[in-house]
Amino acid sequence: MLRRSLARIRPGWPALVLAAAAPVAGCQYEAATQACYDLLDAYGARLAECGYYPSAEAGAQDLHDQLEADGLDCDTSPTGIRDEDELYMECLPTLETLACDTPDATPPSCRDQIVYRGG
């Protein structure tokens, strides 16, 4: 049952987590890494609240696994944040109230926030 639910959201989740794939050299590596994890945690927590995962940790871990399956990793791939204030003041709070019936709808404030190396 859980896998079928995940199959419904997997096509849209990269819009949230794989927000950008343009390489950017040397920008805010640590902040971008933390932002990547913060995004996974917030999205995983909301999906758990909506019943897609048994816990926030399971949601964040599955999203992280999906990120790795796409050849990216929060520890090595992020190189920057497009707009850190918007990410933390708009995107993440919006994820906390994301509609459970449309979990793959990317809030505008989340688009293109994390810039990834290579992707």
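Me: What makes the disulfide of Cys91 and Cys110 right-handed?

Reply: In this predicted model, the torsion about the S-S bond of Cys91 and Cys110 is about 105°, so the disulfide is right-handed. The pair links distant parts of the chain, since Cys91 sits in helix 5 and Cys110 in the loop between helix 5 and strand 2, 19 residues apart.

Me: How do you know that Cys91 and Cys110 are joined by a disulfide?

Reply: The S to S distance for Cys91 and Cys110 is 2.0 Å, and a pair of cysteine sulfur atoms within 2.5 Å counts as a disulfide, so the pair qualifies. As for accessibility, Cys91 is buried, and Cys110 is buried as well.

Me: How many disulfides does a search of the whole structure find, and what pattern do they follow?

Reply: The search of the whole structure finds three disulfides, and when the bonded cysteines are counted along the chain, the pattern is 1-3, 2-5, 4-6.

Me: Why is the disulfide of Cys36 and Cys74 called left-handed?

Reply: The torsion about the S-S bond of Cys36 and Cys74 is about -65°, so this disulfide is left-handed. The sulfur atoms of Cys36 and Cys74 are 2.0 Å apart. Because Cys36 lies in helix 3 and Cys74 in the loop between helix 4 (56–69) and strand 1 (78–81), the pair ties together parts that are 38 residues apart in sequence.

Me: Why do Cys36 and Cys74 count as buried?

Reply: The cut-off for buried is under 20% relative accessible area; Cys36 has 1% relative accessibility and therefore counts as buried, and Cys74, at 0% relative accessibility, therefore counts as buried too.

Me: What is the handedness of the disulfide of Cys50 and Cys100, and which parts of the chain does the pair link?

Reply: The torsion about the S-S bond of Cys50 and Cys100 is about -75°, so the disulfide is left-handed. The pair links distant parts of the chain, with Cys50 in the loop between helix 3 and helix 4 and Cys100 in the loop between helix 5 and strand 2 (114–116), 50 residues apart. The sulfur atoms of Cys50 and Cys100 are 1.9 Å apart.

Me: Why is Cys100 called partly exposed?

Reply: Buried means under 20% and exposed over 50%, with partly exposed in between; Cys100 has a relative accessibility of 29%, so it counts as partly exposed.

Me: What makes helix 3 roughly parallel to helix 5?

Reply: Helix 3 (residues 29–49) and helix 5 (residues 84–95) pack at an angle of about 15°, with their axes 9 Å apart. Angles under 35 degrees count as roughly parallel, and that makes helix 3 roughly parallel to helix 5. The crossing of helix 3 and helix 5 is left-handed.

Me: Which residues of helix 3 and helix 5 meet?

Reply: From helix 3, Ala31, Gln34, Ala35, Asp38, Leu39, Ala42, Tyr43 and Arg46 meet Glu84, Leu87, Tyr88, Cys91, Leu92 and Leu95 of helix 5. By class, this contact of helix 3 with helix 5 has ten nonpolar, one polar and three charged residues.

Me: Why is helix 3 called oblique to helix 4?

Reply: Helix 3 and helix 4 pack at an angle of about 125°, with their axes 7 Å apart. Roughly perpendicular covers 65 to 115 degrees and roughly antiparallel begins over 145, which leaves helix 3 oblique to helix 4. The crossing of helix 3 and helix 4 is right-handed.

Me: Which residues form the contact of helix 3 with helix 4?

Reply: Cys36, Tyr37, Leu40, Asp41, Tyr43, Gly44, Ala45, Leu47 and Ala48 in helix 3 meet Ala56, Gly59, Ala60, Leu63, His64 and Leu67 in helix 4. The residues of the contact of helix 3 with helix 4 divide into eleven nonpolar, three polar and one charged.

Me: Why does Asp75 count as partly exposed, and where is Asp75 found?

Reply: Asp75 has a relative accessible area of 38%, which lies between the limits of 20% and 50%, so Asp75 is partly exposed. Asp75 is found in the loop between helix 4 and strand 1. Not counting residues up to four places away in sequence, Asp75 touches Tyr29, Thr33 and Tyr37.

Methods: Residues numbered from 1 in each chain as written. Predicted model: local features only at pLDDT ≥ 70, side-chain atom pairs only at ≥ 80, totals over all residues. Heavy atoms only, no water. Axes fitted to C-alpha atoms, helices over the stretch in contact; angles between N-to-C directions. Helix = DSSP H or I, 4+ residues; strand = E, 2+ residues; numbered from the N terminus. Left-handed = near helix turned anticlockwise from the far one by under 90°. Contact = heavy atoms within 4.5 Å. Nonpolar A, V, L, I, M, F, W, Y, C, P; charged D, E, K, R; others polar. Buried < 20%, exposed > 50% of the residue type's maximum accessible area, 1.4 Å probe, protein only.
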